[in-house]
Amino acid sequence: MGAYSILGKSVPSHKLALATLGSVVLVVAPKPWGPPAPNHPQINASSKEEEKFVQEWLAKHSAEEKH
């Protein structure tokens, strides 16, 4: 089997392949320890009444979608 010399040590090619795959998975995989993504966009209301109205409307209509 072929081996590569890295920092003066002989490293087998299959270990390099496993290290490469592991590095790619760590970079590409979603991070479960990170903050969760918001499920809805932020409400930019001009007043508290408007914000309350929008939240109630969304709650009412999202309940209707589940039926």
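Two residues separate the strands in the hairpin of E1 and E2, and within this hairpin Leu7 takes a positive phi near 55 degrees. Leu7 is not a glycine, yet has this positive phi. Its place is in the loop between E1 and E2. The model is predicted; local features need pLDDT of at least 70, side-chain atom pairs count only at pLDDT 80 or more, and totals for chains, interfaces and linings use all residues. Residues are numbered from 1 along each chain as its sequence is written, and side-chain values use heavy atoms, with hydrogens and water left out.

Strand E1 covers residues 3-6 and includes Ile6. Strand E2 covers residues 9-12. Strands (E, at least two residues) and helices (H or I, at least four) are DSSP runs, numbered from the N terminus. E1 and E2 run antiparallel and are joined by four bridges. Two strands pair if DSSP finds at least two bridges between them. Ile6 has Lys9 in E2 as its bridge partner. Tyr4 stands opposite Val11 in E2.

Tyr4, Ile6 and Leu7 make a nonpolar surface patch of about 370 Å². Patches are made of residues with over 30% relative accessible area and no salt bridge; nonpolar side chains (Val, Leu, Ile, Met, Phe, Trp, Tyr) are joined within 5 Å, like charges within 9 Å. A salt bridge is a side-chain nitrogen of Lys or Arg within 4 Å of a carboxyl oxygen of Asp or Glu. Accessible areas come from the Shrake-Rupley method with a 1.4 Å probe; for residues, only the protein chains shown count as cover.

Leu7 is exposed, because its relative accessible area is 85%. Ile6 counts as partly exposed, because its relative accessibility is 35%. Leu18 lies in helix H1, residues 13-28. Leu18 is exposed, because its relative accessible area is 58%. Leu18 and Ile6 are twelve residues apart in sequence; their C-alpha atoms are 15 Å apart in space.

The protein chain has two helices and two strands. From the N terminus on, these elements run β-β-α-α. The C-alpha trace spans about 70 × 30 × 15 Å along its principal axes. The radius of gyration is 26 Å, whereas a compact globule of 67 residues would have one near 11 Å. This radius is taken over C-alpha atoms; the globule rule is 2.2 Å times the number of residues to the power 0.38. Of the 67 residues, 0% count as buried. The accessible surface of the chain comes to about 6600 Å², of which 63% belongs to carbon and sulfur atoms.

Conventions: Buried means under 20% relative accessible area, exposed over 50%, partly exposed in between (1.4 Å probe, protein chains only).
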